[in-house]
Structures are given as C-alpha cells and as structure tokens.
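Good morning, and thank you for joining.

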Amino acid sequence: MTVPWRPGKRRITYKEEEDLTLQPRSCLQCSESLVGLQVGKSTEQGNHEQLKELYSAGNLTVLATDPLLHQDPVHLDFHFRLTSQTSAHWHGLLCDRRLFLDIPYRALDQGNRESLTATLEYVEEKTNVDSVFVNFQNDRNDRGALLRAFSYMGFEVVRPGHPALPPWDNVIFMVYPLERDVGHLPSEPP
C-alpha cells in the first residue's frame with residue numbers, strides 16, 4: 001500500500017533538489033577495520049573529502065563529512081560492529097531534518113537488522129531528524145521481502161514523485177516518521 005507521506009507537506013526547494021542529486025555514498029567494500037574507517041566519498045562525486053568520526057558507543061560508530069562546516073547535505077556512514085572481523089554498514093545523506101539511507105544488500109540478515117535498530121536509536125536520540133527514508137533499487141531481487149520487512153518495522157511506502165523525495169530514478173522509498181516531543185532537543189548535534 002502506498003501512503004501519501006504528509007508531515008508538513010513540505011516541498012523540496014530548488015537548492016535542496018540540487019543537493020539531493022547526490023545519493024548516499026556507495027562503496028563496493030567498506031573497510032572492516034575500525035583503524036581503516038577513514039572512507040572517502042566516491043570518485044564519481046568528484047570529492048575526496050574524508051569522513052570523520054562523529055560518534056562511537058557500543059557497537060555503533062557514526063562517520064560524517066565535517067559537521068562543523070554546516071554543509072547541507074551531510075554524508076553519514078553508520079558502521080555497526082558484528083564481530084571482531086565484520087561490521088554492517090548503512091550509508092546515508094542528511095538533508096534538512098530528513099535522513100536518506102541506502103538499504104545494503106543482505107539487509108534482512110540478523111546483523112543488519114540490529115545495525116538498523118542501533119542507527120534509528122542514534123538518529124532519534126542524537127539528531128533533530130524528523131523522518132528517516134530508506135531506499136533501494138526497484139529491480140532488486142529481494143524487493144518483496146524488503147517491502148514486507150520494513151513495513152513490519154513501521155516504515156511506509158512513499159508514492160513516486162512525492163515532493164519531499166529527491167529526484168532519484170528507479171528507486172523505492174519508505175519513510176519512518178520520528179515522533180518528537182514539542183520541546184525535543186537532541187543531546188548532541190549531528
């Protein structure tokens with residue numbers, strides 16, 4: 001079921017649409033070592049800026065382009081340590097209180113579900129994000145399983161062409177609106 005996503009009924013401005021032509025940074029193989037977590041943006045985007053550690057607690061490490069520059073959008077990488085040798089990764093793009101996360105392959109594995117839970121907890125507790133969007137290619141073999149699993153977790157399908165979505169082709173978006181208290185302030189800036 002496709003739900004018309006409504007919070008604020010806000011349309012993307014020209015500047016945001018230009019910013020959102022960048023997608024979350026993709027990597028063929030992320031570093032599995034915490035020492036090697038300095039991952040640059042893809043060369044396709046023409047910027048070799050390094051990501052910096054923003055947060056680390058328990059098994060979750062969050063990396064970002066320099067948040068002190070107050071640039072928009074901000075690339076965020078969420079690395080969740082599964083074992084001493086492996087970790088699950090979620091790559092995101094933070095733009096105007098919306099976080100867009102690419103769904104990794106094997107997203108339905110137990111470790112990736114745990115990493116998504118840790119990522120959502122971080123976003124809810126430490127940022128001012130109002131909505132988390134997950135996205136995946138329309139032609140993925142596991143599309144049906146992803147739609148069922150993310151619907152079960154509270155995500156809703158957003159109709160294609162919705163004004164709050166970036167202009168990415170062949171992508172399915174699902175949104176998880178975060179419920180915020182009126183006086184909510186994050187415990188630290190993203």
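I begin with a definition: two strands pair if DSSP finds at least two bridges between them. Helices and strands themselves are DSSP runs, of type H or I with at least four residues for helices and of type E with at least two for strands, numbered from the N terminus. On that basis β2 and β3 form a hairpin with 2 residues between them, and G58 in the turn has a positive phi of about 60°. The two strands run antiparallel, and 5 bridges join β2, residues 52–57, to β3.

A word on provenance. This is a predicted model, in which local features need pLDDT of at least 70 and side-chain atom pairs count only at pLDDT 80 or more, while totals for chains, interfaces and linings use all residues. Residues are numbered from 1 along each chain as its sequence is written, and side-chain values use heavy atoms, with hydrogens and water left out.

The chain holds 3 helices and 9 strands, in the order β-α-β-β-β-β-β-α-β-α-β-β from the N terminus. Of its 190 residues, 44% are buried, where buried means under 20% relative accessible area, exposed over 50% and partly exposed in between, with a 1.4 Å probe and protein chains only.

Which residues touch the most other members of the largest nonpolar core? They are F78 and F150, in a core of 30 residues. Such a core is a set of buried Ala, Val, Leu, Ile, Met, Phe, Trp, Tyr and Cys residues joined through side-chain atoms within 4.5 Å. Among the elements that give two or more residues to this core are β4 (74–81), α2 (110–126) and α3 (143–152). The largest share, 5 residues, comes from α2. Beyond its neighbours within four places in sequence, F78 is in contact (heavy atoms within 4.5 Å) with residues including L60, W90, L101 and Y122. Apart from this core lies another, of 9 residues, among them L93, V158, W168 and F173.

Finally, the aromatic rings. Rings of Phe, Tyr and Trp (its six-membered ring) pair if their centres lie within 6.5 Å; planes under 30 degrees apart count as stacked, over 60 as edge-to-face and the rest as tilted. The count comes to 8 aromatic pairs. The centres of F100 and F173 are 6.1 Å apart with planes at 80°, so this pair is edge-to-face. Because F100 lies in strand β6 and F173 in strand β9, the pair ties together parts 73 residues apart in sequence. F100 counts as buried at 0% relative accessibility, as does F173 at 4%. Together with F133 and W168, these two form one aromatic cluster.
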